Amino acid sequence: MTRTQKQSDRSEEKAANPEKQNGRGAAGSVQSVDRAVSVLEILARHGEAGVTEIADELDVHKSTAFRLLGVLENRGLVTQAKDRGKYYLGAGVLRLAGAAAVRLDISQEGVPVCRELADELGETVNIAVLDDDAAVNIMQARGTASVTAQNWLGRRTPLHATSSGKVLLAHMPPTLREGFLARTLPRFTERTITGTSALRSELEIVVEQGYGVNLEEMELGLTAVAAPIRAHDGKVIAAISASGPVYRMNSDRLPEVAKRTVAAGAELSRRMGYGF
């Protein structure tokens, strides 16, 4: 076979098997993820295990097992016992499990609270949690007066321009909050608060009064009020908000909406174990 024919065959093989391109490709990446998950399952089953044991169970070379453990250790998902050299599940797994449990608990306990508040106010009610540098809505209920078809469920919204975002930002650890405030923040309407000093003052008000307000700061014509939801240890883990058009959520009605929203946040906090 000539050199030209060999090159042609290799080109045809790559076209037929795109996963072989760019190193290990997609197939290798998926296999690595599968093996990494298997490592976590092995440690969960045995409590602890050494590199040799893990390599034997995975049916891979020790160097492959060591490489997988190194990646998981860097992410805090496994920890090595220095005196024995064996590995066990790290605090990162607890962090992920805790976050998942919180979302599940809020999703279960939040349904009746959201529904009741939406029925009382006739407006749209959402529950949002912190997702890196944004608030993501994990639950929504619409009241009888809500005529908008807009669905906020699953949407990431800016912390500085939403009522829920302000609540989550106000109760964020100081170092993280100051890091966020140091950024250049986007403006969505002429009412959006983007200045560091002004936003810091706004967050102080949120903590002092127990709720956050969004006055057309993300979308013209839309107003919202949000209150914190606390876990059993008092940490703010989410925010519940009521939103509606300015002509209904006006200055005369906002105090009552805020009162009811704060009460709903307190009820959901109680359901999450806070106050016991």
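**Exercise 1.** Which side chain meets that of Arg253 in a salt bridge?

*Solution.* The model is predicted: local features need pLDDT of at least 70, side-chain atom pairs count only at pLDDT 80 or more, and totals for chains, interfaces and linings use all residues. Residues are numbered from 1 along each chain as its sequence is written, and side-chain values use heavy atoms, without hydrogens and water.

Step 1. A salt bridge requires a side-chain nitrogen of Lys or Arg within 4 Å of a carboxyl oxygen of Asp or Glu. The partner of Arg253 is Glu123, at 2.9 Å from N to O.

Step 2. Helices (H or I, at least four residues) and strands (E, at least two) are DSSP runs, numbered from the N terminus. Arg253 occupies the loop between strand E8 (236-245) and helix H9 (254-271), and Glu123 the loop between H5 and strand E3 (124-131), so the pair ties together parts 130 residues apart in sequence.

Step 3. Buried denotes under 20% relative accessible area, exposed over 50%, and partly exposed in between (1.4 Å probe, protein chains only). Glu123 is buried at 1%, whereas Arg253 is partly exposed at 24%.

**Exercise 2.** Determine how helices H6 and H8 pack, and which residues make the contact.

*Solution.* Step 1. Axes are lines fitted to C-alpha atoms, for helices over the stretch in contact, and angles run from 0 to 180 degrees between N-to-C directions. H6 (residues 163-170) and H8 (residues 196-209) pack at about 85 degrees, with their axes 9 Å apart.

Step 2. Angles under 35 degrees count as roughly parallel, over 145 as roughly antiparallel, 65 to 115 as roughly perpendicular and the rest as oblique. H6 and H8 are therefore roughly perpendicular to each other.

Step 3. With contact defined as heavy atoms within 4.5 Å, H6 contributes Lys166, Val167, Leu169 and Ala170, and H8 contributes Leu199, Glu202, Leu203, Val206 and Val207.

Step 4. Glu202 and Lys166 form a salt bridge, their closest N and O atoms being 2.9 Å apart. This pair joins H8 to H6 across 36 residues, and both residues are buried.

**Exercise 3.** Where does the salt bridge of Glu256 and Arg260 lie relative to the helical turn?

*Solution.* Step 1. The closest N and O atoms of Glu256 and Arg260 are 2.8 Å apart.

Step 2. Because the two residues are four apart in helix H9, about one helical turn separates Glu256 from Arg260.

Step 3. Glu256 is partly exposed at 36%, and Arg260 is partly exposed at 32%.
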